[in-house]
Amino acid sequence: MKNILLVCGGGASSGFMAANMRKAAKKRGIEITIQARSESELEEHLDTTDMLLIGPHLSYMEEDIKAQLGDRPMKVAVIPQNIYGPLDGNKAIDFALDLENK
């Protein structure tokens, strides 16, 4: 896992989450790139993404987003509200690592 993309409706809340995840990863010595984008920008970033994390408020779009991936081999999951709501970067990194190992 090298490139994580977080998507939300407008990109604002995912931007805060991405920043917190980057801080947490740096403290833990994990080298990854974490970007945040709005779901409308998703298609432009899929070819450089290893893992896609979706804000919980877009969970209703999960299947449509997975369909956009085509045959790209990447992990996709909705971040649980109990991680996303408080913007917990450490728990989000743990969530991503767990997803990577599934």
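Guide: The largest cavity has a volume of about 50 Å³. On a 1 Å grid over the protein atoms alone, a cavity is a set of points where a 1.4 Å probe fits but cannot get out; the volume is the space filled by probe spheres set on the points, which are joined across faces, edges and corners. This is a predicted model, where local features need pLDDT of at least 70 and side-chain atom pairs 80 or more, while totals for chains, interfaces and linings use all residues. Residues are numbered from 1 along each chain, and side-chain values use heavy atoms, without hydrogens and water.

Visitor: Which residues line the largest cavity?

Guide: Lining residues have an atom within 4 Å of a point. Here they are Asn3, Ile4, Leu5, Thr33, Gln35, His45, Thr48 and Thr49. Strand 1 (3-8) gives the most, with three residues; strands are DSSP runs of E, at least two residues, numbered from the N terminus.

Visitor: How many of the lining residues are polar, and how many charged?

Guide: Asp, Glu, Lys and Arg count as charged, Ala, Val, Leu, Ile, Met, Phe, Trp, Tyr, Cys and Pro as nonpolar, and the others, Gly among them, as polar. The lining has six polar, two nonpolar and no charged residues.

Visitor: Is Cys8 buried or exposed?

Guide: Buried means under 20% relative accessible area, exposed over 50%, partly exposed in between (1.4 Å probe, protein chains only). Cys8 is buried, at 2%, and lies in strand 1.

Definitions and conventions: 1 Å grid on protein atoms, 1.4 Å probe; cavity = no way out; pocket = protein on both sides within 12 Å on 5 of 7 lines; lining within 4 Å. Helix = DSSP H or I, 4+ residues; strand = E, 2+ residues; numbered from the N terminus.
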